[in-house]
Amino acid sequence: MENKDVKNSPKPNKKDSKHSERDKRSSSRGCMFPIFLILICVAVFVASFSIFVGFMQYHSFDDLVSLIKGEEIVESETEETTEDADYINTDKLISSASDSLYNTERSGVISQISLGANNIKIYDIENEAAVLLNFDSDTAFSDEYGHTITASKLNEGDMIVFVYNQDKKLLSLKINPDAEEYTSLAVKVNTKRKLITIDTDLFRYDKNTVFRYKDSVLSPSEITEYDVITIKAIENDAWAVIMEKSHGTIKFTNYENISDLVYSVDQGDFNKIPESGELNLVEGIHTITVSSPSISDYTKEFIVKPGSEDEMNLSAVQPLRGSLIVDTPVTGAALYVDGIQRSLRNPMFLDYGSHKLTLAKGSSSVTKYVDINKEETEFYIDF
């Protein structure tokens, strides 16, 4: 029986063996593919998450929605100045700072002075924090040359070098001799990028930059190219922006019928009247002169105040006039000047400029134009 079973048992098939090995390899590859796909998905997820986190660091949820919709992301124009920033309490600053803060010179900018309370609020540039310090008669104040001054000589926006101790006592303060100042008209401010341009120089500012105009807080958006601005900076970082002079507006009126009208400010070059009819001038006393080939020069003095509006009314301007004599061989003809009948061969006085002359007799007429640009003009007309 045993021999029969052995004899009748099927023999191994080589083809079946090859198929089995191939199936095993295919199964192994099949298992590897999902794993590889999972790894790719994980990598894409990690990269996408990193990009998302980086985007949200500098943008809002509304920006994300705009990005998904394919809309342009508009940068926020919200402005912050030193007054908007949360000042770090001195106690908190001291508790977190090292001993190197005390009794060592530090660079800063004065953001607020209270002479009555004998304290000064200073933004510590190196430590990137605001600190409120007390001073007394022992505090040493000096200018950039080392000369002794009083606290009353200090101004908000002054760049300084100061020393204080752990008791919030201001030991010394002097005007920073290394700080640079730039005073100019035609300053441009980009509130979106927080950049200020003076000629070809570019300065950065941030929420800790002190903006002032006559002891009042100034918004960067209030600065125009018509204001006189002083920037106090270290390298290209503006730490104080002071409006030295603001501007007012002069509006030209009743000038539309005066041809080729130009104006000059303070005996400067002549320019065309702006399309808006408005002229922005820095505060102060200014003399404006208007001129045209058809009028006598007209001059008026203005006291321009910040935010003021004044009028330069040209209705009283005296037009230049010249005499015109019209000659014609036609007898019995009628002469019309600018539509009004005038006497032939008798002098007439007309404003400088172009005038329409029509000579008519019966059903016949002829029209000519004459320019009056001198004291006496003779003009000949014939059919």
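Visitor: Let's start with E2 and E3: how many bridges join them, and do they run parallel or antiparallel?

Guide: Six bridges join E2 to E3, and the two strands run antiparallel. Keep in mind that this is a predicted model.

Visitor: Which residue in E3 is the bridge partner of Asn119?

Guide: That's Asn134. E2 and E3 make a hairpin with four residues between them, and Glu128 in the turn has a positive phi of about 55 degrees.

Visitor: And how many bridges join E1 to E2?

Guide: Six, and E1 and E2 run antiparallel. Gly108 stands opposite Asp124 of E2. The hairpin of E1 and E2 has four residues between the strands, with Asn118 taking a positive phi near 55 degrees.

Visitor: Why is E2 described as largely enclosed by the rest of the structure?

Guide: Six of its six residues are buried, so the rest of the structure largely encloses E2. Side chains in a regular strand alternate between the two faces of the sheet. Here Asn119, Lys121 and Tyr123 are buried on one side of E2, and Ile120, Ile122 and Asp124 are buried on the other.

Visitor: Okay, new topic. How many residues does the largest nonpolar core have?

Guide: It has 19 residues, and those with the most contacts inside it are Ile120, Ile122, Phe141, Leu154, Phe162, Leu170 and Leu173. Strands E1, E2, E3, E5 and E6 each supply at least two residues of this core. In soluble globular proteins, nonpolar side chains tend to be buried together.

Visitor: What does Leu173 touch?

Guide: Leaving out residues up to four places away in sequence, Leu173 has contacts that include Ile110, Ile120, Ile122, Phe141, Leu154 and Phe162. There's also a second, separate core of 18 residues, including Ile258, Val265, Val290 and Val317.

Visitor: Now rings. How many aromatic pairs does a search of the whole structure find?

Guide: Eight. In one of them, the rings of Phe162 and Tyr164 have their centres 5.8 Å apart and their planes at 15 degrees, so that pair is stacked.

Visitor: Are those two buried or exposed?

Guide: Phe162 is buried, at 0% relative accessibility, and Tyr164 is buried too, at 1%. Ring pairs also link Tyr102, Phe162 and Tyr164 into a cluster.

Visitor: What about Phe252 and Tyr263: stacked or tilted?

Guide: Tilted, with 5.7 Å centre to centre and 45 degrees between the planes. Phe252 is in strand E15 and Tyr263 is in strand E16, 11 residues apart. Phe252 is buried with a relative accessible area of 2%, and Tyr263 is buried with 11%.

Visitor: Last one, zooming out. How many helices and strands does the chain have?

Guide: Four helices and 28 strands. Of its 383 residues, 36% count as buried. The chain exposes about 24,300 Å², with carbon and sulfur atoms supplying 50% of that.

Definitions and conventions: Residues are numbered from 1 along each chain as its sequence is written. This is a predicted model: local features need pLDDT of at least 70, side-chain atom pairs count only at pLDDT 80 or more; totals for chains, interfaces and linings use all residues. Side-chain values use heavy atoms; hydrogens and water are left out. A nonpolar core is a set of buried Ala, Val, Leu, Ile, Met, Phe, Trp, Tyr and Cys residues joined through side-chain atoms within 4.5 Å. Buried means under 20% relative accessible area, exposed over 50%, partly exposed in between (1.4 Å probe, protein chains only). Contact means heavy atoms within 4.5 Å. Rings of Phe, Tyr and Trp (its six-membered ring) pair if their centres lie within 6.5 Å; planes under 30 degrees apart count as stacked, over 60 as edge-to-face and the rest as tilted. Accessible areas come from the Shrake-Rupley method with a 1.4 Å probe; for residues, only the protein chains shown count as cover. Two strands pair if DSSP finds at least two bridges between them.
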